[in-house]
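Here is a short report on one chain.

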Amino acid sequence: MHVGKKTQKREKSAMTLSLYGSLAFAIVEIGMAIFSGSQAVLLDAVYDSVEFFMMLPSIFLIPLIYRPASEQHPFGYTQVETGFVVVKGAIMAAVTFGLIFNNIHLLLHGGHKVDFNTISGFELFACALTMAICLYFKNKNMSSPLINIELQTWKIDCVVSLGMAVAFLLPIIVPFAWFQKLTPYLDQIITIVLSGFMLPTPIKTVITGLRDLMLWPPEAETVEDIKDTIEPIIGRYGHKNLYYDIVRTGRKLWISVYITFDKDIISLSKFQVLQTKCIAALAEKYPDFYFELLPDIQLNSTDEEKIKESLAEENQ
């Protein structure tokens, strides 16, 4: 199953919006980080800056990704996208770890007090804007590794901005003397907590991408879902002995199903009907995939002897 040029244009327009959004947020947040001296705002600024510079090449990757498979590239160019996503996830994880260590260092050296009211108001405004971008991506109703990681990034930005806005209001909400002693450390504590919250997403992205690059099967949930979709269709025709070969390269799934037959006769028309039904069922769940239904030819000892005898006769 292939996707059309319309989908390609929609994806490129969504990525372009995300690109300009990341640039705008990075510039504003860098300015706010310098003005306020907040490590938490700096975390957001660094994330958006990395996001912008990593997104620039991804815009030019989109036409390449949609090129069809060929003899020279049997899996197409989707591996390029997977490699790019892995690099992006690794950079995001490295930046987050760096910010965690930097803020631990600040905590151990007395902390740093910031203007909580200004930062809180700024983060509430940022939360509203990122929520609008998330809704835009949701309404686009597209599914691809690039779009998914962008949506995840904007979701994280939205939650982080909301969390920071609430956290920086704590000195006002909790006006007790014992809490005021903690305010020099509040900025660093918030940054470390938010970094811990953000870290699983790029790590998961790297792990998933490496699985795809090494042509390992996708997650168990995806494999089971494919089996649950196909087996009821093929099972109606009495075929129970199935073998699956499932690989994912970026956004595309490559699904091969082998049927073991009890009889020597194979009906090609029946095969076509089964394959068409399986493709229709899979198309309701997966936007881009290749599916093939094949006979699993297994030779027993008798068959092997017959083949050897036939070859011997031909060589005489």
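## Cavity

A search of the whole structure turns up one cavity of 30 Å³ or more. A cavity here is a set of points on a 1 Å grid over the protein atoms alone, where a 1.4 Å probe fits but cannot get out. The largest cavity holds about 90 Å³ of space. Volume is the space filled by probe spheres set on the points, with grid points joined across faces, edges and corners. The model is predicted: local features need pLDDT of at least 70, side-chain atom pairs count only at pLDDT 80 or more, and totals for chains, interfaces and linings use all residues. Residues are numbered from 1 along each chain as its sequence is written, and side-chain values use heavy atoms, leaving out hydrogens and water.

The lining of the largest cavity consists of Y47, E51, K88, G89, M92, I149, T153, I156, T201, P202 and T205. Lining residues have an atom within 4 Å of a point. Helices α2 (39-65), α3, α5 (145-168) and α9 (200-213) each supply at least two of the lining residues. Helices are DSSP runs (H or I, at least four residues), as are strands (E, at least two), numbered from the N terminus.

## K88

K88 sits in helix α3 (residues 78-108). Is K88 buried or exposed? K88 is buried, at 3% relative accessible area. Buried means under 20% relative accessible area, exposed over 50%, partly exposed in between (1.4 Å probe, protein chains only). Leaving aside residues up to four places away in sequence, K88 touches E51, M54, I149 and E150. Contact means heavy atoms within 4.5 Å.

## Cysteines

The structure has zero disulfides. A disulfide is a pair of cysteine sulfur atoms within 2.5 Å. The closest cysteine sulfur to that of C127 is in C158, 3.8 Å away, so it is too far for a bond. C134 is in no disulfide either; its nearest cysteine sulfur, that of C158, is 5.5 Å away. C127 is buried at 6% relative accessibility. C134 is buried too, with a relative accessible area of 9%.

## Helix α8

Helix α8 (residues 183-198) has 16 residues. From first C-alpha to last, α8 reaches 23 Å, close to the 22 Å expected at 1.5 Å a residue. The expected span is 1.5 Å times one less than the number of residues. Buried residues in α8 include T183, L186, I190 and L194.

## Whole chain

The chain has 12 helices and three strands. Of its 316 residues, 42% are buried. Among contacts with a separation of 6 or more, 76% join residues 24 or more positions apart.

How values were computed. On a 1 Å grid over the protein atoms alone, a cavity is a set of points where a 1.4 Å probe fits but cannot get out, and a pocket is an open set with protein on both sides within 12 Å along at least five of seven lines; lining residues have an atom within 4 Å of a point.
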